[in-house]
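Subject: Structure handover

Hello,

Here is the structure for your files. Please open it alongside this note; the findings follow below.

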Amino acid sequence: MRYCTLSDLERAVPKQTLIHLSHDDPASENYDAAVLEDAINYAEELADGYLVSRYPLPLSSVPTIIRDAVVYLARYWLYQRRPEGAMPEVVKDGKKDALDTLSQIQKGTISLNVKIDDTVVETNAPSVFRVSASKRLWGKKTLEKWR
């Protein structure tokens, strides 16, 4: 399932800006859909890189928080295509916020309620498990042999 569509990107970025960022012909009156798809694919793959350790992919439904993060990342990718122009602060901030959000999801600080086989699964389990033993398994001499 797609996290973001062209229409999501169109709602977040004015059409003239999309044309300028995606089309190499300055006289063009339409954006280059293939370039926009590349931006979305990049952003979705980056989001998947964060989500894969916590959720089975692909997600059965797309939470708004994921859609918005992917839109912000795709927008940033498009602005990077045009290095001759200044990167707006709002675009930089959007990328930073999106990556922070994805990182918090990955760590379990933010939980997505997603359906897996018609069951809502909340994954608040810690991503690191600790095992402790009351008695040492190996003595100091044994451990020294392995150095």
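A crossing is left-handed if the near helix is turned anticlockwise from the far one by less than a right angle, and right-handed if clockwise. Helices here are DSSP runs (H or I, at least four residues), numbered from the N terminus.

The model is predicted: local features need pLDDT of at least 70, side-chain atom pairs count only at pLDDT 80 or more, and totals for chains, interfaces and linings use all residues. Residues are numbered from 1 along each chain as its sequence is written, and side-chain values use heavy atoms, with hydrogens and water left out.

H3 and H4

H3 passes H4 in a right-handed crossing. H3 covers residues 33-51 and H4 covers residues 64-80. Their axes come within 8 Å and cross at roughly 130°. Axes are lines fitted to C-alpha atoms, for helices over the stretch in contact, and angles run from 0 to 180 degrees between N-to-C directions. H3 and H4 are therefore oblique to each other. (Under 35 degrees is roughly parallel, over 145 roughly antiparallel, 65 to 115 roughly perpendicular, the rest oblique.)

Contact means heavy atoms within 4.5 Å. Residues of H3 that meet H4 include Leu 36, Ile 40 and Leu 51. On the H4 side, Ile 66, Trp 77 and Leu 78 are among them. The residues of this H3 and H4 contact divide into 15 nonpolar, no polar and two charged. (Ala, Val, Leu, Ile, Met, Phe, Trp, Tyr, Cys and Pro count as nonpolar, Asp, Glu, Lys and Arg as charged, the others, Gly among them, as polar.)

The loop between H3 and H4 holds Pro 58. A cis peptide bond joins Leu 57 to Pro 58, with omega about 0°.

H4 and H5

The axes of H4 and H5 also come within 8 Å, crossing at roughly 140°. That makes H4 oblique to H5. This crossing is left-handed.

The core

The largest nonpolar core has 30 residues. (A nonpolar core is a set of buried Ala, Val, Leu, Ile, Met, Phe, Trp, Tyr and Cys residues joined through side-chain atoms within 4.5 Å; buried means under 20% relative accessible area, exposed over 50%, partly exposed in between, with a 1.4 Å probe and protein chains only.) Leu 9, Leu 51, Ile 66 and Leu 78 touch the most other members. H4 gives the most to this core, with nine residues.

Glu 37

Glu 37 lies in H3. Glu 37 is partly exposed, at 25% relative accessible area. Beyond its neighbours within four places in sequence, Glu 37 is in contact with Arg 2 and Leu 6.

Best wishes

How values were computed:
Helices (H or I, at least four residues) and strands (E, at least two) are DSSP runs, numbered from the N terminus.
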